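Work through the exercises below with the sequence and the model at hand. Each task is followed by a stepwise solution.

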Amino acid sequence: AEAAAAAAAAAAAAASEEGAVPPLGFGAVSGSFSPVEIPVGEGVDKGKRTDAAAQKLPIGITIDYWWNEEWGWCPCTVKRVLQISDTEVLHTLEFDSDGSWQDVPLTFPDGGLRWRPRGPS
């Protein structure tokens, strides 16, 4: 561990001598600071963020999950629910196409739903 830290310090020193700025976390100082206002509390994404409890689907339910433009709606089954934090829930889905299991969010970053009830086959 000491050798790795020494190597990182030497690399940062060499980069600094060459005029390159090492990434933050390796002894770099940005030289400027601009404060930003970060909203917290109820005002954040009001109307977009859903309550984590409301996002939880029952285990065993079959749904269609939007994967991406190429794959579109993918039929799957909810296998478990993972409570990551007070506001984040992931669902483990088993996809019908290949039997793979994926831990995924049920919403897009803008709050839109990535799932729908299973349609007719």
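**Exercise 1.** Locate threonine 107 and decide whether it is buried or exposed.

Step 1. Threonine 107 sits in the loop that joins strand E4 (101–104) to strand E5 (115–117); strands here are DSSP runs of E with at least two residues, helices are runs of H or I with at least four, and both are numbered from the N terminus. This is a predicted model, in which local features need pLDDT of at least 70, side-chain atom pairs count only at pLDDT 80 or more, and totals for chains, interfaces and linings use all residues. Residues are numbered from 1 along each chain as its sequence is written, and side-chain values use heavy atoms, with hydrogens and water left out.

Step 2. Threonine 107 counts as buried because its relative accessibility is 18%, and buried means under 20% relative accessible area, with exposed over 50% and partly exposed in between (1.4 Å probe, protein chains only).

Step 3. Glutamine 55 lies 52 residues from threonine 107 in sequence, yet their C-alpha atoms are 8.6 Å apart.

**Exercise 2.** State which elements the protein has and in what order they come.

Step 1. Count the elements: two helices and five strands.

Step 2. Read along the sequence, the pattern is α-α-β-β-β-β-β.
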